[in-house]
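Here are some notes for a first look at this structure. Please keep the model open while reading.

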Amino acid sequence: MSAAPPRSSAATGSLRPAASVILVTRTGGLRLLWVRRSEANPFLGGFHSFPGGRHAREDGLLGGDEAANLRTMARCAARELFEETGLLSGFTGSPPPAEAQRLLRTDVLDGKAEFWPAAEGSWGLRFDPASYIPCGRWITPHFSRARFDTNFFFVEMDAAPEPDVWPGELESGAWIDPREAARLWEDDQVVLAMPTLHTIRVLAEGGHGLPGRLHEIPEANGVPSRHVLVRPAITMVPLRSETLPPATHTNAVVIGDQDAVIVDPGSADPEELEALDRVVRESLGPGGRVTAILLTHRHRDHIAGVAATRERYRVPVWGHAECAERLPLDRVLREGDVIDFPGRHARRLRVIEAPGHARSHLAFFEETSRTLIVGDVASGLGTVVIAPPDGNMRDYLATLERLRALDALTLIPGHGPPHRGVERLFDLLIEHRRLRESQVLRALATGPLSEAALRAKVYADTPGADPELAAKTLAGHLEKLVEEGRVRVTPEGVTLLS
């Protein structure tokens, strides 16, 4: 096992210290407690995970020796377990009646009280950090905007009290046989964060050697994962690329567990392509091979690694006809084309033309798991730039409506983490564009403006926005309004017509 080194909130930079509880009981067979995150949660919304959360000042100081840090993070885990599920574990003494516990939870969640002064003060409880056994340290991959340095703790309970999850960051919680949890994953019924999937797989093999078996892989010892298993036989591989901030990586996707295809190898960096190749080799079944490279669109941060990837695997490149203007294309993909992948987890990709961000844009809908690979139609890190003439706002809004109607369960964007609350994401993207359009019209209601003055008014609510990117997207909104006969754009400025 690798325990957390000395650290503090400042020392970890963008990494936020956090703790999580792998709570198990052997009563009635080995079971573990998992929770489902709300689909509105900006971090892993809709995923199943374990109770846990960020370090708070009341948990104690960080930055000392390893043992002291782990004791502090054990307190964090115990506090988060209580806040999220109402369960107390690792304490000696007699807790107060359930109603008093609920009142404290309410006050803590409302920011009116702290947990530890009540638990160790008025309640008279004593916490034993030795009951929280360190069993791994997971660091959020580099591609994510919100990154956590999370200590996991293995905790056994004699009984299995029912968790009391209140709607908010979480939607539900339950005890489950890890073998059943693994089956739900294999059958595309749940989406799991990587630490959760690893834990379930280990526990599904039996309760022996715990918790030692939980930290036998590098990712459980502070090595950020280079990939995300979104669904069985669908793996997202973020590659560091020459892309627009705040993104630093472009998501390649490997689909299939016998033969496989690679979507959007967007980096030409040999080290990044080696990371992609490791995932490819692990994905292929006996005698399997890469059969094609698929492209969502022709922008450089999605095609930079195509030549090297084509050469490595000796495979054709498939994409929209307009991609042929940037690179050799072996097959033109069109709306409704279907690509089948036999294997342990059979997959079927349907091609969907998705213009808006780019004329060359395609999306790929995996029909069995209802997973939607959208390239730059959506981002896990912010809004999408719609820059004429390649981008078109009317097309983009129509694409959002069409993709929303698919009722996808999981979405893989071109940049940032995957999404579970797909319908809500599309609703937010559509609402955001409509809001920007209404801001344009309101700003023009008092009279004509230069494009620079209009941009300043429309983006006054986002002072940190890149002015060049804001200008490009504003041009997309104006092009749409001109096409609809609602504004006129001349060298002198922009005028509202109706």
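1. Start with the loop between β19 (362-366) and β20 (371-375), where Arg 370 lies. This is a predicted model. Phi of Arg 370 is near 55°, a positive value in a residue other than glycine. Arg 370 has a relative accessible area of 30%. Arg 370 therefore counts as partly exposed.

2. Arg 314 also deserves a look. Its phi is positive, about 55°, although Arg 314 is not a glycine. Arg 314 is found in the loop between α8 (306-313) and β15 (317-319). Is Arg 314 buried or exposed? The relative accessibility of Arg 314 is 65%, so this residue counts as exposed.

3. Next, the cis peptide bonds. One joins Leu 210 and Pro 211, with omega at about 5°. Pro 211 lies in the loop between α5 (194-204) and β10 (228-231). Another cis peptide bond joins Pro 245 and Pro 246. Here omega is about 10°. Pro 246 is found in the loop between β11 (234-240) and β12 (249-255).

4. Now turn to a helix pair. Helix α1 (residues 66-85) and helix α3 (residues 115-122) have axes that come within 10 Å. The axes cross at roughly 95°. α1 is therefore roughly perpendicular to α3. Which residues make the contact? From α1 they are Arg 75, Ala 78, Arg 79 and Phe 82. From α3 they are Phe 115, Trp 116 and Glu 120. The residues of this contact divide into four nonpolar, no polar and three charged.

5. Aromatic rings come next. The count comes to nine aromatic pairs. In one of them, the ring centres of Phe 127 and Tyr 132 are 5.3 Å apart. Their planes stand at 65°, so the pair is edge-to-face. Phe 127 and Tyr 132 are both buried.

6. Last, check two arginines against tryptophan rings. The charged end of Arg 105 sits over the ring of Trp 166, 3.9 Å from the ring centre. The charged end of Arg 331 sits over the ring of Trp 318. In that case the distance to the ring centre is 4.6 Å.

Definitions and conventions:
Residues are numbered from 1 along each chain as its sequence is written. This is a predicted model: local features need pLDDT of at least 70, side-chain atom pairs count only at pLDDT 80 or more; totals for chains, interfaces and linings use all residues. Side-chain values use heavy atoms; hydrogens and water are left out. Axes are lines fitted to C-alpha atoms, for helices over the stretch in contact, and angles run from 0 to 180 degrees between N-to-C directions. Helices (H or I, at least four residues) and strands (E, at least two) are DSSP runs, numbered from the N terminus. Angles under 35 degrees count as roughly parallel, over 145 as roughly antiparallel, 65 to 115 as roughly perpendicular and the rest as oblique. Contact means heavy atoms within 4.5 Å. Ala, Val, Leu, Ile, Met, Phe, Trp, Tyr, Cys and Pro count as nonpolar, Asp, Glu, Lys and Arg as charged, and the others, Gly among them, as polar. Rings of Phe, Tyr and Trp (its six-membered ring) pair if their centres lie within 6.5 Å; planes under 30 degrees apart count as stacked, over 60 as edge-to-face and the rest as tilted. Buried means under 20% relative accessible area, exposed over 50%, partly exposed in between (1.4 Å probe, protein chains only). A charge sits over a ring if NZ of Lys or CZ of Arg is within 6 Å of the ring centre and within 35 degrees of the ring normal.
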